Amino acid sequence: MLAYSASELWSIFIMQGFAGLSLFSVLLLMALGLAIIFGQMGVVNLAHGEFMALGAYVVYLCSTLVQNHAPALQPYYFLVAIAIAFVAAALLGLLVEWSLIRYLYRRPLDTLLATWGLSLVLQQAFRSTFGAREVTPTLPDWLMGSFKPTESIDIPINGVFVMALTLVLTGAVWLFLYRSRAGLHMRATVQNRAMSGAIGINTGLVDRLAFSLGCGIAGVAGAAFTTIGSTGPDSGSRYIVDTFLVVVFGGTASLLGTIASAFGIAQGQSVCEFFLQGTMGKVAVLLGIVVILMIRPQGLFASKVRS
Amino acid sequence: MSNTSFLLAIEDLTVSFDGFKAVEGLNLYLEQGELRVIIGPNGAGKTTVLDMICGKTRPTAGSIMFRNRELVGLREHEIVRAGIGRKFQTPSIYENLTVRENLELSYPRGRTVLGSLAFRVTAEVNERVGKVASEIGLSEQLEIEGAFLSHGQKQWLEIGMLLMQEPDLLMLDEPVAGMSPPEREKTAALIRRISAGRAIIVIEHDMEFVSRIADKVTVLHLGKILAEGSMAEIQRHPKVIDVYLGH
Amino acid sequence: MFKRFFGGRSGLTNLALLAILLFAVLPLSLDIFRLNLVGKYLTYAFVALGLVVLWGKGGVLSLGQGVFFGLGGYCMAMFLKLEASDPISTKIQSTPGIPDFMDWNQLKALPAFWVPFKSLPFSLLAVVVVPSVVAFIVGLAMFKRRVGGVYFAIITQALALILSLGIDGNQGVTGGRNGITDLRTLWGWDIRAQSSQYILYFVTCFLLLATIVGLQWLLSGRMGKTLGAIRDREDRVRFSGYDVDLFKVSAFVLAAGIAGVGGALFVLQVGFISPSLVGIVPSIEMVIFAAVGGRHSLLGAVYGTLIVNTGKSLFSETFPQLWLFAMGGLFIAVVVLFPNGLAGIWDLARRQGWSKFVRAKAGTAAADAVGLASTLSANPAKEGKS
Amino acid sequence: MATALLAAGSAASLAAGPPTATVNTTGLAVTDDTVTVGQLHSATGTMAISETGSIQAEQLAIEQINEAGGILGRKIKIIVEDGASDWPTFAEKAKKLLVNDKVAAVFGCWTSASRKAVLPVFEKENGMLYYPTFYEGLEQSKNVIYTGQEATQQIIAGLDWMAKQKKAKTFYLIGSDYIWPRTSNKIARKHIENVLKGEVVGEEYYALGHTQFGSLINKIKLKKPDVIYAIVVGGSNVSFYKQLKAAGITGDKATLLTISVTEDEALGIGGENLVGFYSAMKYFQSLDNPNNKKFVEAFKKKYGDKAVIGDVTQAAYLGPWLWKLTVEKAGSFDIDKVAAASAGVEFKEAPEGYVRIHDSNHHLWSKLRIGQWSTDGQAKVLYESELIEPNPFPKGYQ
């Protein structure tokens with residue numbers, strides 16, 4: 001190792017910590033939607049990655065539209081595009097829940113296979129409309145480059161943006177779940193569908209809204225990822241195993257569990273990648289998760305409940 | 001922990017779910033061949049006690065001695081093979097197997113992986129199935145799939161499946177729930193018949209039914225024993241009336 | 001005995017039908033190229049058979065069967081590669097006598113765990129033993145901890161990813177992403193010649209039918225009934241004195257061993273193996289073969305595998321753009337409308353008689369079809385509450 | 001328009017060609033007026049993005065050859081197969097093309113893994129594959145013509161230029177985790193340490209499809225190498241360069257040389273994320289020679305103005321032409337005759353200027369160029385080497 005001044009080592013440490021944090025926000029953003037769909041509702045949606053890809057494609061569409069028709073809007077289009085991504089993914093989620101998911105609530109393993117079929121259909125739909133090539137929207141310049149607190153520290157702005165977005169979204173989901181009537185209805189339906197129906201909650205509608213909300217959040221995650229990666233027809237399948245592991249590892253019923261597990265996995269992965277070799281770093285993290293899940297199958301934050 | 005002549009000796013049994021003590025410091029002793037009924041309001045911990053005896057739930061503290069052998073820590077199937085049978089609140093039978101197959105599957109031989117490969121339905125097995133089927137009054141229904149039995153018949157089938165294993169202690173969780181009066185009458189007679197030579201613990205709310213079968217009654221309240229004694233004593237016990245039986 | 005082995009008269013006729021198809025109809029009607037393809041599909045059918053026992057009967061869904069198919073395949077490939085890397089034919093390498101990919105990665109000697117694969121008996125044993133041992137360790141760890149349902153499926157999926165990444169990451173020792181290629185002879189016998197392709201095809205068919213008969217015997221006995229009972233009422237079985245966890249582990253090990261045999265036969269017929277056979281996608285596809293065919297019927301699983309793969313091959317040749325739509329659509333339709341797969345439709349039709357069935361089917365709109373699905377799923381296919 | 005381009009090459013064969021019996025003695029799919037060839041790339045799956053360019057270039061070349069009268073008086077008919085980015089499928093389709101369709105030649109494969117999967121099939125069924133991609137070398141088959149550069153051609157000249165121009169001493173090697181990046185970095189390390197007397201300060205590989213490069217970027221900042229030598233492939237490319245830019249590692253502050261970014265990848269990455277970085281290729285779309293002008297014009301006319309042409313696309317374009325010239329030289333479609341006649345075949349109208357098939361190892365003599373990327377996703381050629389002899393088994397580099 002070359003000789004380093006203390007400040008240089010310190011700045012590397014900060015940046016490595018930042019890399020861990022930005023990976024944490026990526027993992028959490030991915031898992032947030034799934035925490036609702038799979039964590040709360042128990043619906044195994046293997047097409048979750050494709051809803052993310054849809055969000056990314058919406059941003060790409062907006063960026064091309066803005067470029068061709070209204071270049072002046074260039075700096076502002078991004079936030080609007082994220083909102084549109086949320087709506088588009090939520091609407092698709094609504095359609096999917098109505099046409100497919102609601103017949104499968106009692107059959108989790110069959111939902112898993114049906115949504116795998118759905119992911120194939122969506123992938124091919126993207127390939128037929130947007131072509132096989134990876135596409136990247138042109139990002140507004142306030143998102144590019146890095147912000148330099150000191151000479152040797154570079155904090156990527158898009159990392160900060162993703163983190164801020166994750167913070168906002170997690171807060172919103174928490175408020176929705178634990179502080180709103182709709183959230184209350186949803187948790188009641190999930191815990192005891194028959195009784196919730198008996199006290200007048202329209203469980204069918206609650207399921208549909210919850211599912212489409214989860215998909216909408218996935219759309220936002222996909223939109224945010226256009227800042228750090230490319231979008232192709234099957235870029236959704238890259239995230240799917242990590243997303244499920246984050247939710248399962250955190251203990252499905254609790255949002256806090258998902259947050260904690262995203263943080264743990266992100267730090268674990270960035271440490272492993274720093275010392276181990278790339279691919280083997282990922283293998284080490286995955287192995288760690290599987291072993292811990294075997295010791296504590298209910299995940300980190302599952303409460304001991306009289307089953 | 002002390003050696004006793006009791007069949008079952010439970011000493012200061014406790015279990016807490018994240019701080020909530022479902023059962024706390026319970027002591028309960030059961031004689032050979034005794035029929036004990038446990039009553040108490042919902043949430044008193046009745047089912048949880050049975051769960052701990054048969055190993056479904058691990059207690060946080062205390063011991064359960066069965067013929068002076070500690071059960072806490074054993075796996076469920078080891079406890080069953082030690083001679084304890086458990087019937088669940090909702091009738092749990094194999095819906096898509098016939099009554100005969102339900103009973104065959106409970107035959108206490110060939111229950112290990114290798115044993116199941118070598119297992120043959122011999123004449124002796126069929127004879128035993130026939131005997132238990134007549135005991136529980138389902139001789140005609142032997143070839144019917146479990147799903148097509150009535151609620152009462154399902155309860156009896158489950159009891160029959162336990163009888164196949166010839167347990168020394170039988171634990172029945174609300175066996176007559178949802179039964180018509182004639183079915184309750186038949187169940188009471190069945191329980192009295194099968195209690196010869198084996199101990200039975202029954203959880204029940206129907207006081208009239210309890211009075212017809214119980215040797216001794218234990219009243220549970222908030223995870224602790226409120227009172228214990230014969231049916232008559234219990235009905236006169238002031239605290240029990242106040243908490244449970246009502247005026 | 002006859003009833004248990006062949007599943008009674010109707011079971012025998014169905015089996016005979018399949019045997020005629022495999023041993024006579026296909027070899028006569030297809031050229032060696034298409035027949036070899038069918039042979040490849042049949043190796044996937046081994047995994048589907050294992051899934052019928054593990055998932056259809058036992059209710060345990062594993063999304064990691066690619067791991068066991070791959071392990072069996074790699075064991076066979078390692079033997080074939082060592083036989084093909086004799087010092088003469090690898091003289092242009094900087095270290096002759098070792099597999100080519102090791103030479104590219106500057107390995108000077110054969111790694112320790114490769115040495116035993118020089119012997120054929122050891123390799124043939126390893127094809128079954130290695131996947132079974134891995135399945136035993138994973139299964140024991142998971143089932144003892146009562147990991148089940150969707151959690152088990154997700155963890156096995158993660159295992160498939162771990163193994164495929166592990167192979168990619170250690171390219172010097174495993175051949176990495178390219179896999180192990182250019183396999184030529186088995187004990188001196190050239191497996192690439194057309195005559196050997198025929199022989200290998202018939203060997204695969206024979207082993208497949210033998211496996212079906214064996215599994216039929218197993219499923220009709222107490223083992224099969226117990227697995228079925230575990231799927232429907234695990235607690236009741238546990239409290240009838242069965243060590244349920246060991247039964248699940250044994251079903252998992254059995255499915256893994258059979259998948260390993262499938263993997264080895266794949267390598268013999270296709271001539272190479274790579275991580276693309278081990279990862280997440282192939283593992284889920286193999287589950288779909290069983291689901292389409294009928295997760296409760298051994299023969300259904302074989303037909304399902306043949307139909308889906310033939311469709312995949314034909315479709316992708318005729319309209320390359322649309323075949324993914326077709327595959328995705330097929331998976332959804334099967335899982336939602338026909339949870340018992342083609343075998344379920346076949347049984348329903350046979351029981352109701354074709355005319356009534358067709359009229360019932362034609363008359364119902366999509367919504368009614370769903371009604372039919374719930375009646376279908378009311379009987380054996382009912383998923384246990386996970 | 002295209003016919004003018006090719007007047008010189010094929011005047012002789014406008015008249016009816018020689019009888020089929022003489023030109024096809026091994027039962028290939030050749031009739032009196034047509035010859036059938038196969039095309040085997042990935043139209044679906046993760047590799048579709050990279051292979052689309054090659055598919056287009058090969059079809060353009062064949063179309064131009066047919067307009068100019070075909071080969072030995074026969075028009076070329078193509079059977080298109082989809083490898084679907086899945087190696088068993090490549091092997092299956094290769095067998096179908098050779099055994100069922102008996103095609104006279106196959107233009108296809110892209111990744112080394114797909115080539116390795118089909119190689120045994122081509123050697124057993126004695127087919128002829130024209131393989132377009134720059135690759136790791138260490139292979140020389142009678143049944144394959146390698147129209148892309150092998151590792152030494154692409155790496156050594158590039159590193160020499162970098163050492164000379166930038167006085168570079170320390171290098172950080174990065175790559176996606178499969179055979180081509182690992183073998184290329186192995187050759188680069190040997191050249192840096194033994195010949196350039198430089199030092200390799202780091203070597204990292206990441207799984208295909210990896211998207212989080214935060215830790216790697218910090219390691220680079222820690223080591224501060226003179227040159228970042230990157231061989232990242234596919235989707236990871238986009239994430240890698242985006243995150244480099246976001247972390248302040250840009251063309252003006254750091255020197256990065258890559259051999260895995262062509263105009264195709266630049267389209268996906270976005271020119272603004274590549275500005276100032278260097279690529280070592282044998283072809284860039286911005287090459288200004290008459291051959292290339294006509295080629296780019298014909299390509300854009302057929303596939304649209306926004307179409308981009310990268311190194312592999314041009315190498316794929318060479319395939320059909322080299323096969324045509326070799327068949328005409330051999331006077332027959334028979335595989336063995338074509339294989340023998342390949343030695344020394346020259347293609348003077350190659351868009352990259354000039355190529356010649358090596359006398360013995362079925363690779364191409366070609367020049368190496370260093371291009372610097374600009375915001376429009378095109379690269380300005382800064383350096384052009386002499387014709388480099390292909391050497392798939394380089395002594396001292398293994």
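Mentor: In this predicted model, a residue is called buried if 20 or more other C-beta atoms lie within 10 Å of its own. By that count, 46% of the 247 residues of chain B are buried.

Trainee: What makes chain B as compact as a globular protein of its length?

Mentor: Chain B has 10 helices and 10 strands. Its radius of gyration is 18 Å, close to the 18 Å that the globule rule gives for 247 residues, and therefore chain B is as compact as a globular protein of that length. Along the principal axes, the C-alpha atoms of chain B fill a box of roughly 55 × 40 × 35 Å, and among its contacts with a separation of 6 or more, 65% are between residues 24 or more positions apart.

Trainee: How do you know how compact chain D is?

Mentor: Chain D is built with 13 helices and 15 strands. The globule rule gives 21 Å for its 398 residues, and the radius of gyration of chain D, at 21 Å, is close to that value, so chain D too is as compact as a globular protein of that length. Its C-alpha trace spans about 70 × 40 × 35 Å along the principal axes, and 63% of its 398 residues count as buried. Of the contacts in chain D between residues at least 6 apart in sequence, 72% join residues at least 24 apart.

Trainee: What makes up domain 1 and domain 2 of chain D, according to the domain assignment?

Mentor: The assignment gives domain 1 as 2-149 + 290-365 and domain 2 as 151-281 + 370-384. Taken over C-alpha atoms, the centres of the two domains are 30 Å apart, while 18 residues of domain 1 are in contact with 18 residues of domain 2. On the side of domain 1 that touches domain 2, two or more residues each come from helix 3 (48-67), helix 5 (112-125) and helix 12 (311-330), and by class that side has 8 nonpolar, 8 polar and 2 charged residues.

Trainee: How do you know which chains touch?

Mentor: A contact needs C-beta atoms within 7 Å. There are 5 pairs of chains in contact, and chains A and C share the most contacts. Chains B and D are joined by no contact, and their closest C-alpha atoms lie 38 Å apart.

Trainee: What makes up the side of chain D that touches chain A?

Mentor: That contact takes 31 residues from chain D and 34 residues from chain A. Helix 3, strand 7 (199-206), helix 8 (214-223) and helix 9 (235-246) of chain D each supply at least two residues, with helix 9 giving the most, 7 residues. By class, this side of chain D divides into 9 nonpolar, 16 polar and 6 charged residues.

Note on methods
Residues are numbered from 1 along each chain as its sequence is written. Chains are lettered from A and ligands numbered from 1 in the order in which they are written. This is a predicted model: local features need pLDDT of at least 70, side-chain atom pairs count only at pLDDT 80 or more; totals for chains, interfaces and linings use all residues. Domain bounds come from an automatic or database domain assignment. Two residues are in contact if their C-beta atoms, placed from the backbone, lie within 7 Å. Helices (H or I, at least four residues) and strands (E, at least two) are DSSP runs, numbered from the N terminus. Ala, Val, Leu, Ile, Met, Phe, Trp, Tyr, Cys and Pro count as nonpolar, Asp, Glu, Lys and Arg as charged, and the others, Gly among them, as polar. The radius of gyration is taken over C-alpha atoms; the globule rule is 2.2 Å times the number of residues to the power 0.38. A residue is buried if 20 or more other C-beta atoms lie within 10 Å of its own, exposed if 12 or fewer, and partly exposed in between; C-beta atoms are placed from the backbone.
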